[in-house]
Amino acid sequence: KCLAPGFSRLPLPWEVVAGLAMLMLSEGLWVEAMGVLISVIFYLRPGELVRLRVRSLVPPLLLAGAGHRHWTLIMHEQENEGSKASK
């Protein structure tokens, strides 16, 4: 069993990621291209990407003030579902 911690790898340059997404778009793979971009921008694991839903993206609350003018991505919406604490 390997007890040594893993190491971080350098990310792909943005130009490579964008080029890959553009290649996918040229092949008509819109969903896959968006998946690549979202994964890199938000530093997602593959499993996290496939669990995202439209409702995971929350629009800004324009009337709530300056602190609420950004989009939000909710990663673990139902993390506590089923636990006794949430009932």
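1. Let me start with helix 2, residues 30-42. Its 13 residues reach 18 Å from the first C-alpha to the last, close to the 18 Å expected at 1.5 Å a residue. Please keep in mind throughout that this is a predicted model.

2. Which residues of helix 2 are buried? They are Ala33, Gly35, Val36 and Ser39. These four cover an arc of only 160° around the axis, and therefore sit on the same side of helix 2. On the other side of this helix, Trp30, Val31 and Ile41 are exposed. As for what covers the buried residues, the cover includes helix 1 (14-26) and helix 3 (46-51).

3. The residue that follows helix 2 deserves a look of its own. Tyrosine 43 has a phi near 55°, a positive value in a residue other than glycine. For background, most residues other than glycine have a negative phi. Tyrosine 43 is placed in the loop between helix 2 and helix 3. Is this tyrosine 43 buried or exposed? It counts as exposed, because its relative accessibility is 71% and the cut-off for that class is over 50%.

4. Helix 1 has 13 residues, and from its first C-alpha to its last it reaches 18 Å, close to the 18 Å expected at 1.5 Å a residue. Val17, Ala21 and Met24 are its buried residues. Seen down the axis of helix 1, they fall within an arc of 60°, so they line one face of the helix. Glu15, Met22, Leu23 and Ser26, on the other side of helix 1, are exposed. Helix 2 is included in what covers the buried residues of helix 1. Just after helix 1 comes glycine 28, with a positive phi of about 80°.

5. Valine 17 is found in helix 1, and its relative accessible area is 2%, so it counts as buried. What does valine 17 contact, leaving aside its neighbours within four places in sequence? Its contacts are Leu12, Val36, Leu37 and Val40. Of these, Val36 is also one of the buried residues of helix 2. The C-alpha atoms of valine 17 and valine 40 are separated by 7.8 Å, although the two residues are 23 residues apart along the chain.

6. Next, the largest pocket, which holds about 350 Å³ of space. In general terms, rolling a probe the size of a water molecule over the atoms shows where empty space is left. There are 14 lining residues, and those nearest the centre of the largest pocket are Met34, Ile38, Leu49, Leu52 and Arg53. Which element gives the most to the lining of the largest pocket? That is helix 2, with seven residues. By class, the lining is made up of 10 nonpolar, two polar and two charged residues.

7. Serine 56 counts as buried because its relative accessibility is 3%, where the cut-off is under 20%. Not counting residues up to four places away in sequence, serine 56 touches Thr72, Leu73, Ile74 and Glu77.

8. Finally, the whole chain. The protein has three helices and two strands, and from the N terminus on these elements run α-α-α-β-β. How much of the protein do buried residues make up? They account for 14% of its 87 residues. Among contacts between residues at least 6 apart in sequence, 13% join residues at least 24 apart. Valine 17 and serine 56, described above, are both buried.

Technical notes
Residues numbered from 1 in each chain as written. Predicted model: local features only at pLDDT ≥ 70, side-chain atom pairs only at ≥ 80, totals over all residues. Heavy atoms only, no water. Expected span 1.5 Å × (residues − 1). Buried < 20%, exposed > 50% of the residue type's maximum accessible area, 1.4 Å probe, protein only. Arc of directions from axis to C-beta. Contact = heavy atoms within 4.5 Å. 1 Å grid on protein atoms, 1.4 Å probe; cavity = no way out; pocket = protein on both sides within 12 Å on 5 of 7 lines; lining within 4 Å. Points joined across faces, edges and corners; volume = space filled by probe spheres on them. Nonpolar A, V, L, I, M, F, W, Y, C, P; charged D, E, K, R; others polar.
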